[in-house]
Amino acid sequence: MRAASQLLPVGAIVTVSYLRRFPLRILILGGDGYLGWPTAMHLSAAGHDVAVVDDFTRRSMHQERGTSSLTPIAPLPDRVSAWREITGRDVEMHVADITDYASLRSIFEQTRPEGIVHYGEIPSAPYSMIDRDHAAYVQQNNVIGTLNVLWAMREVAPDSHLVKLGTMGEYGTPNIDIEEGYIEIAHKGRSDTMLFPKQPGSFYHLTKVHDSNNIHFACRMWGLRATDLNQGVVYGMHTDETQLDDRLLTRFDYDELFGTALNRFAVQAVLGYPLTVYGAGHQTRGFLDIRDTMQCIALALANPAQSGEMRVYNQFTETFSVMELAEVVKEAAVHLGYEVEIDHLDNPRIEAEEHYFNPVHTKLLDLGLKPHLLSETLVESMISGVADYADRIQIDSIAPKTKWR
Ligand code: USQ
């Protein structure tokens with residue numbers, strides 16, 4: 001843990017170049033989550049007025065499944081108090097379910113946001129594939145929540161800028177280059193620019209496709225402004241702000257439902273559990289460091305979309321196959337003295353294991369994104385970070401039980 005004084009003295013305002021332009025009133029939906037809480041601190045540290053909304057769905061889903069975050073996370077009120085104590089800055093907290101329109105509209109009226117960062121969705125592909133009820137819950141929660149956001153923008157904050165977390169998984173793995181949201185199509189002698197075709201791989205990923213269509217419609221009809229960030233798989237435990245104090249830690253999931261590939265592999269390496277590569281492991285995805293998510297959100301806010309425009313940015317910094325990730329983790333863990341095996345499990349998902357994957361991702365770089373590349377990130381320090389909480393690992397939550405078939 002770094003001393004707070006090294007990073008953020010009380011009352012300090014961090015002037016990161018990409019955040020320098022202005023202080024905004026920013027509403028973060030899903031502000032208690034893996035990315036939402038670090039984003040709240042990051043934008044608050046930069047001088048913005050930040051309010052967060054959450055109804056603790058993620059914590060409830062973990063309770064339902066008997067799993068929990070590797071890192072011991074403080075309740076949201078304690079996080080907010082600790083942030084105030086350490087930095088002298090307030091993050092306003094609202095406990096509300098955004099699928100309840102009256103509550104959401106009231107929060108919009110109270111906060112009058114200029115920027116809305118929308119993470120307030122259930123993010124797990126496997127959770128959405130458990131059974132009919134879970135699929136319906138994820139679709140209802142995500143699609144209606146976002147629909148409500150669009151209506152609240154229209155009625156209360158029509159000039160605000162929505163920065164919405166989409167996913168690279170909306171595109172699937174087509175056998176052509178993936179553009180940033182739109183594709184020019186020539187057909188029977190005529191041509192047009194259209195939303196890029198989508199072939200998602202789970203009911204969860206489908207919710208983001210539905211959201212994109214709804215956002216696109218609302219921008220066209222009502223002149224709203226939105227940036228749809230099609231994010232890849234995020235890895236990492238810490239941002240500058242989470243390291244200030246244990247009460248500011250963000251969650252770190254490693255279970256079969258909410259853990260993502262690299263984070264899971266780091267936990268498995270520490271536990272001495274064979275790394276769970278699904279199938280051949282040649283599935284390739286876009287990845288990014290959690291610190292780069294912070295940068296991307298801030299860059300999108302600092303460079304808002306035009307009225308009537310839904311911009312789409314592909315938000316990842318590098319592509320890797322799952323097998324490549326497993327090898328990186330194995331090498332780093334062996335260097336630290338762990339014994340690591342890589343296991344190829346029968347793939348619980350239906351997904352292409354051999355496929356073309358070449359997504360364009362230049363727009364955030366053009367805005368000034370400075371990636372933290374995996375080769376420069378000390379995977380060893382990530383593994384050591386996991387080892388700090390090794391006594392909290394629940395071994396029975398690791399094996400994949402949810403199947404697509
Ligand atoms: N995988 C393994 N072993 C594991 C876990 C995953 O081989 O133990 C494989 C999966 O089969 C898949 C790839 O790794 O091919 C990525 O899986 P993941 O669980 O890390 O990520 P995914 O389910 O795609 O979802 C995650 C986030 C989601 C986000 C998405 C971005 O949970 O919120 O939208 O990453 S993307 O993958 O680009 O669609």
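How many aromatic pairs does the structure hold? In this predicted model, the structure holds 4. One of them joins Tyr171 and Phe196. The ring centres of these two residues are 5.5 Å apart, and the ring planes stand at 90°, so the pair is edge-to-face. The pair links distant parts of the chain, its members being 25 residues apart. Tyr171 lies in the loop between β5 (161–167) and β6 (182–187). Phe196 lies in the loop between β7 (190–195) and α8 (203–222).

Seven strands form an open sheet, in the order β3-β2-β1-β4-β5-β8-β12. Pairing is parallel. The edges are taken by β3 (91–95) and β12 (310–315). Each has a single partner strand, so one side of each is left without a neighbour in the sheet. On average, neighbouring strands are turned by 20° against each other, direction ignored.

Two of the strand pairings can be described in detail. β1 (residues 25–29) and β4 (residues 115–118) pair in the parallel sense over 4 bridges. Within this pairing, Leu27 has Ile116 of β4 as its bridge partner. β8 and β12 also pair in the parallel sense, over 6 bridges. Here Thr227 stands opposite Arg311 in β12.

Although β12 stands at an edge of the sheet, 6 of its 6 residues are buried, so the strand is largely enclosed by the rest of the structure. In a regular strand, side chains alternate between the two faces of the sheet. Both faces of β12 are covered. Met310, Val312 and Asn314 are buried on one side. Arg311, Tyr313 and Gln315 are buried on the other.

Helices lie across the strands. α4 (residues 76–87) lies across β2 (49–54) and β3, and runs at about 170° to β3. α8 lies across β5, β8 (225–231) and β12, and runs at about 150° to β5.

α7 (residues 132–156) has 25 residues. From first C-alpha to last, α7 reaches 35 Å, close to the 36 Å expected at 1.5 Å a residue. Asp131 caps the N-terminal end of α7, with a side-chain oxygen 3.2 Å from the backbone nitrogen of Asp133. α10 (residues 290–302) has 13 residues and reaches 19 Å, close to the expected 18 Å. Of the 13 residues of α10, 12 are buried, so this helix is largely enclosed by the rest of the structure. Among the buried residues are Ile290, Asp292, Met294, Cys296 and Leu299. Ala300, Leu301 and Ala302 are also buried.

Individual residues tie these elements together. His161 is found in strand β5. His161 is buried, with a relative accessible area of 3%. Beyond its neighbours within four places in sequence, His161 is in contact with residues including Ile116, Thr227, Ala300, Leu301 and Arg311. Other contacts of His161 include Glu114, Gly115, Asn303 and Pro304.

Thr317 is placed in the loop between β12 and β13 (318–321). Its relative accessible area is 10%, and Thr317 is therefore buried. The C-alpha atoms of Thr317 and Leu288 are separated by 5.3 Å, although these residues are 29 apart along the chain. Leaving aside its neighbours within four places in sequence, Thr317 is in contact with Phe287, Leu288 and Asp292, among others. Contacts of Thr317 also include His361, Leu369, Pro371 and His372.

Backbone geometry was considered last. Most residues other than glycine have a negative phi. Arg112 has a positive phi, near 45°. Arg112 is found in the loop between α5 (101–111) and β4, and counts as partly exposed at 42% relative accessibility. Lys188 likewise has a positive phi, about 50°, although it is not a glycine. Lys188 is found in the loop between β6 and β7. At 75% relative accessibility, Lys188 counts as exposed.

How values were computed:
Residues are numbered from 1 along each chain as its sequence is written. This is a predicted model: local features need pLDDT of at least 70, side-chain atom pairs count only at pLDDT 80 or more; totals for chains, interfaces and linings use all residues. Side-chain values use heavy atoms; hydrogens and water are left out. Rings of Phe, Tyr and Trp (its six-membered ring) pair if their centres lie within 6.5 Å; planes under 30 degrees apart count as stacked, over 60 as edge-to-face and the rest as tilted. The expected span of a helix is 1.5 Å times one less than its number of residues. A polar contact is a pair of N or O atoms within 3.5 Å; within protein, one must be able to donate a hydrogen and the other to accept it, and residues adjacent in sequence count only if both atoms are side-chain atoms. Two strands pair if DSSP finds at least two bridges between them. Axes are lines fitted to C-alpha atoms, for helices over the stretch in contact, and angles run from 0 to 180 degrees between N-to-C directions. Contact means heavy atoms within 4.5 Å. Buried means under 20% relative accessible area, exposed over 50%, partly exposed in between (1.4 Å probe, protein chains only).
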